[in-house]
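Subject: Structure handover

Hello,

Please find the structure below. My notes on it come after.

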Amino acid sequence: LRSGSMLRVSRRLSSSRAIFKGSRANKEGLSRALDSTLKNHHDMAVFGAGFLAEVSSLDAYRAAAGARFHYYGAMERRLDAAAGAAGDVWGEFAQDLRQVPCLMRDLRAVGVHDPVSVRPTPAVRAYVARIDAAPDDALVAHFYCRYFADLFGGSMLGRPTRLALPSIPEDISFYRFPAHVDRDRAAYIERVYTALNRAGDRMGEEAQAEVVEEARRAFGHNAALVTEGGWAVLPRAATGAARLVVGYARHALAGSEGGGGG
């Protein structure tokens, strides 16, 4: 399927890889140490399966967005109150990256007017408990784990979600950023890496090591959000993949009939 949407996703993936490789700030300091956790603790196959399972049905999407409301809510409450390095990093970027209001809008759009009513699973509760228990400095790890994922890859997932689940009535706020972030995403990400390095310099080596260990824990909790149901995630992921293929085909056909390429 050679639709314009698929080409845009491919270009965005290439762009993310180029930003990661081209960054100077992530070759040193705390940024480098945090990026080192990706190789062994960020399994793209697991997170890919999680996304496909999420778009297998509207109910699955509601559950996933509701789960995000719980753990982003815990994270943003802690970051808002944090002192020291974590508070400094969050203070610089909160206006652009805050997700709870976005999640509330997205949930209302699919009929969930009280996000608290979405019952958290055991994995969500464990993740929230870890965020609540983390020392202030260690919150930098949770910031890194979630908001970098949003900036690098998550921002590509809004359109595929809409294609797989066309009943979602409006654009998904969670996957969108302010225009100035999207205009030069590489420069914005470089600013975030630089802020992480400044935070690391404030902490000292021992605290930095704890932040890196906390990042490993955070990635583990995020993987558990996908794997807690065991093998049951696989048929849901297969259904989501089928929905995505049909959605891209429908979009390509509509573009062809309209005289464009999508």
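This is a predicted model: local features need pLDDT of at least 70, side-chain atom pairs count only at pLDDT 80 or more; totals for chains, interfaces and linings use all residues.

Residues are numbered from 1 along each chain as its sequence is written, and side-chain values use heavy atoms, with hydrogens and water left out.

**D35**

D35 is found in helix α2, residues 29-35. Helices here are DSSP runs of H or I, at least four residues, numbered from the N terminus. D35 is buried and has no salt bridge. Buried means under 20% relative accessible area, exposed over 50%, and partly exposed in between, with a 1.4 Å probe and protein chains only. A salt bridge needs a side-chain nitrogen of Lys or Arg within 4 Å of a carboxyl oxygen of Asp or Glu. The nearest side chain of opposite charge to D35 is K27, 6.8 Å away (Lys and Arg count as positive, Asp and Glu as negative; His and the chain ends are not counted).

What the side chain of D35 does have is a polar contact with the side chain of Y144, at 2.5 Å, and another with that of Y193, at 2.9 Å. A polar contact is a pair of N or O atoms within 3.5 Å; within protein, one must be able to donate a hydrogen and the other to accept it, and residues adjacent in sequence count only if both atoms are side-chain atoms.

**Aromatic rings**

The structure holds 14 aromatic pairs. Rings of Phe, Tyr and Trp (its six-membered ring) pair if their centres lie within 6.5 Å; planes under 30 degrees apart are stacked, over 60 edge-to-face, and the rest tilted. Y72 and Y147 form an edge-to-face pair, 5.6 Å centre to centre with 75° between the planes. This pair links helix α5 (residues 58-81) to helix α9 (residues 139-152), across 75 residues of chain. Y147 also pairs with W90, tilted, at 5.4 Å and 40°. W90 is buried at 3% relative accessible area, and Y147 at 1%. One aromatic cluster takes in Y71, Y72, W90, Y127, F143, Y147, F174 and Y175.

**H41**

H41 is in helix α3, residues 38-41, and is partly exposed at 30%. The C-alpha atoms of H41 and F219 are separated by 5.9 Å, although the two are 178 residues apart along the chain.

Regards

Conventions: Helices (H or I, at least four residues) and strands (E, at least two) are DSSP runs, numbered from the N terminus.
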